[in-house]
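Visitor: Could you take me through the packing of this protein, one question at a time?
Guide: Gladly; please have the sequence and the coordinates open as we go.

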Amino acid sequence: MDELVDILDANGNFTGKTAMKSEAHRKGWFHPTIHVWFYTKNGKILIQQRAKNKDTHPLLWDVSVAGHIGAGESIENSALREIQEEIGLTVSPQMLEKIGKFKSEHTHHADLIDREYHHTFICELEVPISQLQKQESEVEKLALISLLKFSEETWGMANLQKYVPHEPSYYKTIVKEIKKRL
């Protein structure tokens, strides 16, 4: 789905310009996104397998919930909206803990240059995975895996073909921040 997004400079600052997401991707303009990582108190992390029809990284495992921030939309409201859309869960704003903003650049092909700043949150998952309702157009599968297995598979990128190729430092931050809360 195409949507209007704010355009950022290379340092993640707002430029005052907006564009359709498709144009931002075509021209390689930076724009803001949200990432929300859900975890359980017993040391598991919720991951989603991206839908097979996605333009970027189809069928790879990724963050629990992710999405583009609409032009003029607050980061927090975007996170709450995407959680509801992608996994059918309503959470209170107080449950979201922002842990950072991460620069990401992926050139998929000449007409798809994805340059984003991921506003990244963690949030405790307080319901069983069976109560989540995945958005079929975005999410192929949901899974809970141990934080240990997740860190083994992402830090060294041992399963490069399994996960979206974020920087190892990004994955390390996620694991470290969740571990602090267990």
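**Aromatic packing and the cores**

Visitor: Is Tyr171 buried or exposed?
Guide: This is a predicted model, and that should be kept in mind throughout. The relative accessibility of Tyr171 comes to 0%, and the cut-off for burial is under 20%, so Tyr171 is classed as buried.

Visitor: Which geometry describes the ring pair of Tyr163 and Tyr171?
Guide: A pair of aromatic rings is described by the distance of the centres and the angle of the planes. For Tyr163 and Tyr171, the centres are 6.4 Å apart and the planes stand at 70°, and since planes over 60 degrees apart fall in that class, the pair is edge-to-face.

Visitor: And how are the rings of Tyr170 and Tyr171 arranged?
Guide: Tyr170 is itself buried, because its relative accessibility is 4%. Its ring centre lies 5.7 Å from that of Tyr171, with the planes at 65°, so this pair is edge-to-face.

Visitor: Which element gives the most residues to the largest nonpolar core?
Guide: That core has 22 residues, of which Trp37, Ile45, Ile47 and Phe150 touch the most other members. At least two residues each come from β3, β4, β7, β9, α3 and α4. With five residues, the greatest contributor is α4.

Visitor: With which residues is Phe150 in contact, leaving aside its neighbours within four places in sequence?
Guide: Phe150 is among the members of the largest nonpolar core that touch the most others. With those sequence neighbours set aside, its contacts are Trp37, Ile45, Ile47, Ile145, Tyr163, Tyr171 and Val175.

Visitor: How many residues does the second, separate core have?
Guide: Phe38, Ile83, Leu125 and Leu142 are included in this other core. Its membership comes to 19 residues.

Visitor: With which side chain does the side chain of Gln48 make a polar contact?
Guide: Gln48 belongs to strand β4, and it counts as buried because its relative accessible area is 5%. A polar atom of its side chain lies 2.9 Å from the backbone oxygen of Ser64. The side-chain partner, at 2.8 Å, is Glu86.

Visitor: At what distance from the ring centre of Tyr117 does Lys101 lie?
Guide: Lys101 is placed over the face of the Tyr117 ring. The distance to the ring centre is 5.3 Å.

Methods:
Residues are numbered from 1 along each chain as its sequence is written. This is a predicted model: local features need pLDDT of at least 70, side-chain atom pairs count only at pLDDT 80 or more; totals for chains, interfaces and linings use all residues. Side-chain values use heavy atoms; hydrogens and water are left out. A nonpolar core is a set of buried Ala, Val, Leu, Ile, Met, Phe, Trp, Tyr and Cys residues joined through side-chain atoms within 4.5 Å. Buried means under 20% relative accessible area, exposed over 50%, partly exposed in between (1.4 Å probe, protein chains only). Helices (H or I, at least four residues) and strands (E, at least two) are DSSP runs, numbered from the N terminus. Contact means heavy atoms within 4.5 Å. Rings of Phe, Tyr and Trp (its six-membered ring) pair if their centres lie within 6.5 Å; planes under 30 degrees apart count as stacked, over 60 as edge-to-face and the rest as tilted. A charge sits over a ring if NZ of Lys or CZ of Arg is within 6 Å of the ring centre and within 35 degrees of the ring normal. A polar contact is a pair of N or O atoms within 3.5 Å; within protein, one must be able to donate a hydrogen and the other to accept it, and residues adjacent in sequence count only if both atoms are side-chain atoms.
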